[in-house]
Amino acid sequence: MFTSINPFTQETIAEYTPHTQAEIEQKLQRGERAYRQLLETPLEQRRQWMMQVASSLRKNATAHATLITQEMGKTLKEAKAEVLKCASSAEYFAEHIAEMLEPRPIQSDAYKSYVSYEPKGIILAIMPWNFPYWQVFRFAIPNILAGNTGLLKHASNVSGCSLAIEQVFMESGFPEGTFQSLLVSSKDLEPIVADPRIQGVTLTGSTPAGKSVAALAGKYLKKTVLELGGSDPFIVLKDADLEAAAKTAVQGRMQNAGQSCIAAKRWIVEKEIVPAFTAEVRRLLENMQQGDPMQDTTSMGPMARTDLAEDLDRQLQESISQGARLELGGTYEGCNFAPTLLTGVTNDMTAFKEETFGPLAVIIEAANEDEAIALANETDFGLGSALWTSDLDKAAHLATRIESGNVFINAMVRSDARLPFGGVKQSGYGRELSLEGTHEFLNVKTVYIQ
Ligand code: NDP
């Protein structure tokens, strides 16, 4: 059984029975059939259905958001924003998909040669609970518009979200089987990955999960896109707008109770401004209201599961015993972890070396900008990064030295339908969103006419 537990109240919301072998086979058949149907469907029709998905999400945003909050604990405000981001991204891709799929002419010695972008079939998506709608929609929207179909194995604590997303696609006019939810354990995925009807696998989650799925997909020669963990640096140089940097650092670290792959996990601050920066972030963190995620006044909800809170506490206690100073917070009960601030963090401490997936902010002092960049790169991960300075020429130069899939200058790292999203190093490979993401699971077919 898959059990959904409300992280704030610890009440069991619902239990879901895993799908049987026969049900899984039925889903594969439907997914394949829907793919064939989509091949015969004009793009204009698919665009209209996707606009229907967007309008359904907008119309029922509160109900979807409530489900998200109940299953994984983010505030209702955050959950609503997540649902609306899915809707606006559906609208964005519906508007731009035609140009993204436009064949690309290439001059060669042929009479005519071009590249055509064509769908391949069913893509298996293995997704996490932290943004239970957005992580799914950012895969599903461009792929389905391009003609692929989707089979979702969602995290086992958000089965309600998984089924609700399936319902949205079902009611929006797409052929039955275009997007389906699969209630299976990660242990039982091998025969599904192996099935010849599955044309690719995309996973968002931890690095160990990514490695395990990539090995499996490799065994059966299936293409993968992996969006894994991160330990993003948030670099603040001494010429930065300190107030704006502090406000964004707190938002970037604490939103979603710190459970985001692109959270600002390591604040690397030039030493001259460490005292002023510390005072400002401390003031902002003290003002946060942690509590019932359904309440409008709450700015941070609980973490999603007790084991995640326990693991964050281990990382916190280890870092303190290694010499970090606890400035604020540091307590938790169940899933409710207080916003916490550590200073004096160095590169040999757990909070620096491991990904911290919760409301733990850390300040790392850098002697100068060269050391700041070196510290930023001193990680196995390479997902996002932020750099704060008032010298934009310097920023553009330093950005080339940071080993990550994106660099945001004087801004918070975020995903955006218009921009490619993904990482390097242990943060994975491949891209989502934008033109690059849309092409990942398409057959980039060369056509040569003599
Ligand atoms: P996991 O990476 O374990 O889970 C993410 C998804 O992958 C879930 O659907 C999970 O299914 C599935 N999965 C896990 N292991 C395998 C496997 N061997 N084969 C196939 N599928 C698998 O994340 P956790 O929930 O355990 O969180 C642990 C840590 O992962 C976090 O603390 C954080 O560091 C990182 N993480 C990163 C995310 C990101 O956005 N990049 C999102 C979530 C977590 P099931 O739920 O059934 O196990």
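How much space lies in the largest pocket? In this predicted model, where local features need pLDDT of at least 70, side-chain atom pairs count only at pLDDT 80 or more, and totals for chains, interfaces and linings use all residues, that pocket holds about 1000 Å³. Residues are numbered from 1 along each chain as its sequence is written, and side-chain values use heavy atoms, with hydrogens and water left out.

Pockets and cavities were located on a 1 Å grid over the protein atoms alone; a pocket is an open set of points with protein on both sides within 12 Å along at least five of seven lines, a cavity is a set of points where a 1.4 Å probe fits but cannot get out, and lining residues have an atom within 4 Å of a point. Grid points are joined across faces, edges and corners, and a volume is the space filled by probe spheres set on the points.

The largest pocket is lined by 42 residues, of which W129, G205, S206, A209 and R305 are the closest to its centre. Two or more lining residues come from each of strand 8 (198-204), helix 8 (207-219) and helix 11, where helices (H or I, at least four residues) and strands (E, at least two) are DSSP runs numbered from the N terminus. Helix 8 gives the most to this lining, with 7 residues. By class, the lining of the largest pocket has 19 nonpolar, 14 polar and 9 charged residues; Ala, Val, Leu, Ile, Met, Phe, Trp, Tyr, Cys and Pro count as nonpolar, Asp, Glu, Lys and Arg as charged, and the others, Gly among them, as polar.

The second largest pocket has a volume of about 650 Å³. Its lining comprises 27 residues, and E78, Q251, Q255, N256 and M412 are the closest to its centre. Helix 4 (76-101), helix 5 (134-146) and helix 9 each give two or more residues to the lining of the second largest pocket, with the most, 5 residues, coming from helix 4. This lining divides into 11 nonpolar, 8 polar and 8 charged residues.

Helix 4 itself has 26 residues and reaches 36 Å from its first C-alpha to its last, close to the 38 Å expected at 1.5 Å a residue; the expected span is 1.5 Å times one less than the number of residues. A kink of about 45° in helix 4 is centred on E95, the bend at a residue being the angle between axes fitted to the seven residues ending there and the seven starting there.

The structure also holds 5 cavities of 30 Å³ or more. The largest cavity contains about 70 Å³ of space, and its lining residues include R138, F139, P142 and N143, as well as R431, E432 and E440. Helix 5 supplies the largest share of this lining, 4 residues. The lining of the largest cavity has 5 nonpolar, 2 polar and 4 charged residues.

Side chains of opposite charge can pair when their charged atoms come close. The structure holds 28 salt bridges, each defined as a side-chain nitrogen of Lys or Arg within 4 Å of a carboxyl oxygen of Asp or Glu. In the salt bridge between E272 and K238, the closest N and O atoms are 3.5 Å apart. This pair links distant parts of the chain, 34 residues apart: E272 is in the loop between strand 11 (266-270) and helix 10 (274-286), and K238 is in the loop between strand 10 (233-236) and helix 9 (242-254). E272 is partly exposed at 45% relative accessibility, as is K238 at 46%; buried means under 20% relative accessible area, exposed over 50%, and partly exposed in between (1.4 Å probe, protein chains only).

E327 forms a salt bridge with R282, with 3.3 Å between the closest N and O atoms. Here, E327 in strand 12 (residues 325-328) and R282 in helix 10 are 45 residues apart, and the pair links distant parts of the chain. In helix 11 (residues 306-321), E318 and R314 are 4 residues apart and so are separated by about one helical turn. Salt bridges that share partners join D311, R314, E318 and E354 into one network.

Two residues other than glycine were noted for backbone geometry. Phi of L221 is near 55°, a positive value; L221 is found in the loop between helix 8 and strand 9 (223-227) and is exposed, with a relative accessible area of 77%. Phi of S434 is also near 55°. S434 lies in helix 15 (residues 434-439) and is buried, at 3% relative accessibility.
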